[in-house]
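Let's take a friendly walk through a protein chain, one region at a time. Keep the picture beside you and look up each residue as it comes along.

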Amino acid sequence: MEANYLQTPGVALRNWRFNVVEMPGRITSGSSSAAIEALGGLESISKTFSQDLVPLELKLRPNDPFAHPVIGEVVDTANLLMRVTRKQRKHGSGPNGEHLECDYKLDSEIIGIITKTGRFR
């Protein structure tokens with residue numbers, strides 16, 4: 001008895017490589033520069049990802065000279081970075097302004113491959 005398997009559709013991946021830092025906190029759109037400075041700046045981050053033995057340091061209180069940084073490690077990973085967008089289409093509105101019906105459309109796209117991840121555990 002022969003099994004009939006269906007072939008899944010293939011997706012061509014871009015050859016874009018990314019490094020990711022998993023931050024132990026909430027980062028809003030306006031605080032991304034503060035998060036980069038808490039990691040020591042872009043030069044320190046790039047040095048950590050390019051050299052294997054340099055630890056990733058996160059300073060939660062950068063102005064306090066007595067505060068110790070949180071030490072993280074950089075590990076090799078093979079994850080995919082995806083962009084997921086949700087588009088909402090509204091159909092009509094009620095007498096009090098409430099929406100009667102909404103349709104959602106989800107779009108996903110694979111952006112690239114995550115080769116290294118900085119983790120604070």
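This is a predicted model: local features need pLDDT of at least 70, side-chain atom pairs count only at pLDDT 80 or more; totals for chains, interfaces and linings use all residues.

Residues are numbered from 1 along each chain as its sequence is written, and side-chain values use heavy atoms, with hydrogens and water left out.

Which residue forms a salt bridge with E109 at 2.8 Å? The partner is R14, and 2.8 Å separates the closest N and O atoms. E109 lies in strand 4 (residues 99-119) and R14 in the segment before strand 1, so the pair ties together parts that are 95 residues apart in sequence. A salt bridge here is a side-chain nitrogen of Lys or Arg within 4 Å of a carboxyl oxygen of Asp or Glu. R14 is partly exposed at 32% relative accessibility. R83 joins R14 and E109 in a network of salt bridges.

Side chains of opposite charge can pair when their charged atoms come close. The whole structure holds seven salt bridges. One of them joins R119 and E22, at 3.7 Å from N to O. R119 sits in strand 4 and E22 in the loop between strand 1 and helix 1 (32-38), so this pair connects parts that are 97 residues apart in sequence. R119 counts as partly exposed at 23%, and E22 is partly exposed at 34%.

D52 and K116 form a salt bridge too, at 3.9 Å from N to O. Here the loop between helix 2 and strand 2 supplies D52 and strand 4 supplies K116, so the pair ties together parts that are 64 residues apart in sequence. Are these two residues buried or exposed? D52 is exposed, with a relative accessible area of 68%, whereas K116 counts as buried at 19%.

## The chain as a whole

Now step back to see the overall layout. The chain has two helices and four strands, and from the N terminus on they run β-α-α-β-β-β. These elements are DSSP runs, numbered from the N terminus: helices are H or I with at least four residues, and strands are E with at least two.

Of the 121 residues, 17% count as buried. The chain exposes about 10100 Å², and carbon and sulfur atoms supply 52% of that area. Accessible areas come from the Shrake-Rupley method with a 1.4 Å probe, and for residues only the protein chains shown count as cover. Among contacts between residues at least 6 apart in sequence, 61% join residues at least 24 apart; contact means heavy atoms within 4.5 Å.

## Two residues of strand 3

T77 lies in strand 3 and is buried, with a relative accessible area of 16%. Its side chain reaches the backbone oxygen of I114 at 3.2 Å. Beyond its neighbours within four places in sequence, T77 is in contact with I114, T115, K116, T117 and R119.

L81 is also found in strand 3, and counts as partly exposed at 29%. Leaving aside neighbours within four places in sequence, the contacts of L81 include F18, E109 and I114. The C-alpha atoms of L81 and E109 are 8.6 Å apart, although 28 residues separate the two along the chain.

## Nonpolar residues, inside and out

Which residues make up the largest nonpolar core? The seven are A38, L39, I45, F49, L56, L58 and F120. Helix 2 (42-50) and strand 2 (56-58) each supply at least two residues of this core. A nonpolar core is a set of buried Ala, Val, Leu, Ile, Met, Phe, Trp, Tyr and Cys residues joined through side-chain atoms within 4.5 Å.

Strand 3 (residues 70-93) gives the most to the patch, with three residues. V11 belongs to the segment before strand 1 (17-21) and counts as exposed at 60% relative accessibility.

Terms used
Buried means under 20% relative accessible area, exposed over 50%, partly exposed in between (1.4 Å probe, protein chains only). A polar contact is a pair of N or O atoms within 3.5 Å; within protein, one must be able to donate a hydrogen and the other to accept it, and residues adjacent in sequence count only if both atoms are side-chain atoms.
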